[in-house]
Amino acid sequence: MAAGSGSLMWFRKGLRIHDNPALEYASKGSSFMYPVFVIDPHYMEPDPSAFSPGSTRAGINRIRFLLESLVDLDLNLKKLGSRLLVLKGEPSQVLTHCLKEWNVKKLCFEYDTEPYYQALDRSVKDYASSAGIEVFSPVSHTLFNPADIIEKNGGSPPRSYQSFLKLAGEPSWVSSPLSIRVSSLPPVGDVGSCEVSQVPTMEELGYVDNDQDELTPFRGGESEALKRMTESLSNKDWVANFEKPKGDPSAYLKPATTVLSPYLKFGCLSSRYFYQCLKGVYKNVKRHTLPPVSLGGQLLWRDFFYTVAFGTPNFAQMKGNGICKQIPWNDDEQLLAAWRDAKTGYPWIDAIMVQLRKWGWMHHLARHCVACFLTRGDLFVHWEKGRDVFERLLIDSDWAINNGNWLWLSCSSFFYQYNRIYSPISFGKKYDPKGNYIRHFLPILKDMPDEYIYEPWTAPLSIQTKAKCIIGRDYPKPG
Ligand SMILES: Cc1cc2nc3c(=O)[nH]c(=O)nc-3n(C[C@H](O)[C@H](O)[C@H](O)COP(=O)(O)OP(=O)(O)OC[C@H]3O[C@@H](n4cnc5c(N)ncnc54)[C@H](O)[C@@H]3O)c2cc1C
């Protein structure tokens, strides 16, 4: 048991030093501080029965991204005189044990609006309060506090982006400096009998023979996040003229958007810092695009979905969800498997699904295409099934945003023009007539001539033979 006044900083998301009010409060006036991350085996350990390499809940790319983010956090903490303590087990049990063992006066963690954390945090808070430990849990994952917006709207969340914007206005902190640079942190106290380890490697978690040939090119961590944000914002023209619907979903060597989503998901990047830096760029250009299509508008979409998700009971399902149209979707496992395993026979759709599996990230419009195809566009499979596949495989998998967008794309909520369908053939062709994106993610089609690359089943057999890809044998025919 350590002497003096100590604190426990519990990292979950918010895996960063900059703009981290919970960390700031934990370190203030504390003679020692325990920075903790709890590895929940359910989330992290291999599950060979899952449909892709990974744990029960997460694909291998996201697990790796998280470990990289933790390694970076540990390095950054070490530079400030601290380090990350990794614990293992069911989080509330582990936390309660440590709170009992370590003589801390303050427990600090970022507020989380997801149902999983709401339940977990309630039990941890209850224990802390009963033990006389102060709990500090600020909102810092989003630009606004979703509860404030809901209150301003009379107790229910706004149903449209425009009404959200009106209620939200400018964030109160936007022109005051955020706490970005930290010069030192209190030392770590004695860990006593708590089993503390370093950040494990993938191998230590049991991921020994991963047979996935191509993994995501995006590396996790706050350092990478800040570098990526700085690079994106350094191109002022690009930022000023950013219009989301005009981006090219087939651009994969240099994606058309920032690819900051996985960093925002894990909180390696503060959305507030990103927004403030963005405002700095806008101030220095003659004109810039506006919400909903601008880059700032994208961050506001994120907050919009967080707010609606937080204030809508049963948001993640159709049943009992008051804002979700009740639609008789089918539960056809074969159709779902063909979509999930990139075997629909439509190269544009299948290439996107391969990018999802290999990279865990695709452009927003590519996500539109495959979500539309699975649901209202072609297969009429339940959006919850597609949501589950995205939830597992995306490196930026985010409870509020993923569910919100699936509700949108299936025309279950927010958007109802169900006859506006993305063609699985002509949509991709507009951006990439030679099919370079398809050739990269579906190499079986790499020698198919340009004119057949989006519809290979229309190629004469002689052409299929020459391209070493017989449709129906080497690559499926659309059903
Ligand atoms: C079916 C479907 C599922 C999706 N699931 C997720 C998900 O699980 N996690 C996720 O972060 N995004 C999700 N999106 C939204 C969007 O596609 C991604 O946020 C975006 O493609 C990430 O790339 P980026 O960081 O380069 O985006 P940028 O265009 O650079 O935007 C910057 C940031 O704004 C936010 N943002 C952008 N678009 C949206 C949007 N439509 N809704 C809410 N926030 C947005 C993201 O945090 C993003 O990082 C989904 C979209 C669809 C259609």
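Strand β1 (residues 6-11) and strand β4 (residues 104-108) run parallel to each other and are joined over four bridges, where helices (H or I, at least four residues) and strands (E, at least two) are DSSP runs numbered from the N terminus, and two strands count as paired if DSSP finds at least two bridges between them. Within this pair, Gly6 has Val104 of β4 as its bridge partner. This is a predicted model, in which local features need pLDDT of at least 70 and side-chain atom pairs count only at pLDDT 80 or more, while totals for chains, interfaces and linings use all residues. Residues are numbered from 1 along each chain as its sequence is written.

The pair belongs to an open sheet of five strands, ordered β3-β2-β1-β4-β5 with parallel pairing. Its edge strands, β3 (85-88) and β5 (134-136), each pair on one side only, and from one strand to the next the twist averages 30°. Across β1, β2 (32-39), β3 and β4 lies helix α4 (residues 91-101), which runs at about 160° to β2; here axes are lines fitted to C-alpha atoms, for helices over the stretch in contact, and angles run from 0 to 180 degrees between N-to-C directions. In an unreviewed UniProt entry, residues 5-143 are listed as "domain: Photolyase/cryptochrome alpha/beta", an annotation given in the numbering used here, with feature names shortened, that may be inferred rather than shown by experiment. That span is 42% helix and 19% strand, and its end C-alpha atoms lie 32 Å apart.

The chain is divided into domain 1 (6-140), domain 2 (223-311) and domain 3 (333-466), with bounds that come from an automatic or database domain assignment. The centres of domain 1 and domain 3, taken over C-alpha atoms, are separated by 36 Å. Their contact takes nine residues from domain 1 and eight residues from domain 3, two residues being in contact if their C-beta atoms, placed from the backbone, lie within 7 Å.

Two backbone details fall in loops. The peptide bond from Pro291 to Pro292 is cis, with omega near 10°, and Pro292 lies in the loop between α11 (271-283) and α12. Val259, in the loop between α9 (236-241) and α10, has a positive phi of about 50° although it is not a glycine.

Which domains give residues to the shell around the ligand? Both domain 2 and domain 3 do, so the ligand lies between them. The ligand is surrounded by 28 residues, the closest being Thr257, Thr258, Ser261, Gln298 and Asn402, where a residue is near a molecule if its C-beta atom, placed from the backbone, lies within 6 Å of it. Helices α10 (261-265), α12 (295-311), α15 (364-377) and α17 (399-409) each supply at least two residues of this shell.
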